[in-house]
Amino acid sequence: QVQLVESGGGLVQAGGSLRLSCAASARTFSLYVMGWFRQAPGRERELIAAIEPTGRNAYYGDAVKGRFTVSRDNAKSTSHLQMNSLKPEDTALYYCAAKPRGNDVWTSWGQGTQVTVSS
C-alpha cells in the first residue's frame, strides 16, 4: 500500500495549463507504475496517463495525447501531470494511482484534486 496525495488542481481558462503533482509515501516507489485518472460527473473513471517504474515509457489516452505529459521523479517519490491546452471537457476530478509492476490492479489511490476549465 502506497499513500498518495495529489495537489495542483484549480480553475483555469480554456487554453491554459495546470501541473498536477502526486506525492507518494513508500520505500519502494520505484517499483510502482504510476497512473493518472479523471472522473467527470456522469462519466466513468478514465485512465488518461500512466508511466512505468523507470519513467522510460508512458501511456496516454487518446483524449489527452499531445496535450498532457506524465513524468515521475523516483528520487522524490513524485509523479506529475503537465496539462496544456486545456479544454472545458477536461473538467473533472483527477486522481493519481499506483500499482505494482506486472499487476493489473491499481492498489493505491489519492484523494483527488479538482480541475475546472472555463470557457
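This is a predicted model: local features need pLDDT of at least 70, side-chain atom pairs count only at pLDDT 80 or more; totals for chains, interfaces and linings use all residues.

Trainee: What makes β7 and β8 a pair of strands?

Mentor: Count the bridges. Two strands pair if there are at least two bridges between them, and β7 and β8 are joined by 6. That passes, and the two run antiparallel.

Trainee: Which residues of β7 are on the covered face, and which on the uncovered one?

Mentor: F68, V70 and R72 make up the covered face, while T69, S71 and D73 are on the uncovered one.

Trainee: Why is β7 called an edge strand?

Mentor: Look at the order in the sheet. It is an open sheet of 4 strands, β1-β3-β8-β7, with antiparallel pairing. β7 and β1 (3-7) each have a single partner strand, so one side of each has no neighbour in the sheet. Neighbouring strands here are turned by 15° against each other on average, direction ignored.

Trainee: And what sits between β7 and β8?

Mentor: A loop that includes S77, running between β7 (68-73) and β8 (78-83). The hairpin has 4 residues between its strands, and S77 takes a positive phi near 55° there.

Trainee: S77 is in a loop. How do you know whether S77 is buried or exposed?

Mentor: Check the relative accessible area. Buried means under 20%, and S77 comes out at 14%, so S77 is buried. Leaving out residues up to four places away in sequence, S77 touches C22, A23, A24, A26 and F29.

Trainee: C22 is one of those contacts. What makes C22 and C96 a disulfide?

Mentor: The sulfur distance. The cut-off is within 2.5 Å, and the S to S distance for C22 and C96 is 2.1 Å, so the pair qualifies. The structure holds 1 disulfide.

Trainee: Why do you say the pair ties together parts that are apart in sequence?

Mentor: C22 lies in strand β3 (residues 18-25) and C96 in strand β9 (residues 92-100), so the tied parts are 74 residues apart in sequence.

Trainee: Why is the disulfide called right-handed?

Mentor: Because the torsion about the S-S bond of C22 and C96 is about 60°.

Definitions and conventions:
Residues are numbered from 1 along each chain as its sequence is written. Side-chain values use heavy atoms; hydrogens and water are left out. Buried means under 20% relative accessible area, exposed over 50%, partly exposed in between (1.4 Å probe, protein chains only). Contact means heavy atoms within 4.5 Å. Axes are lines fitted to C-alpha atoms, for helices over the stretch in contact, and angles run from 0 to 180 degrees between N-to-C directions.
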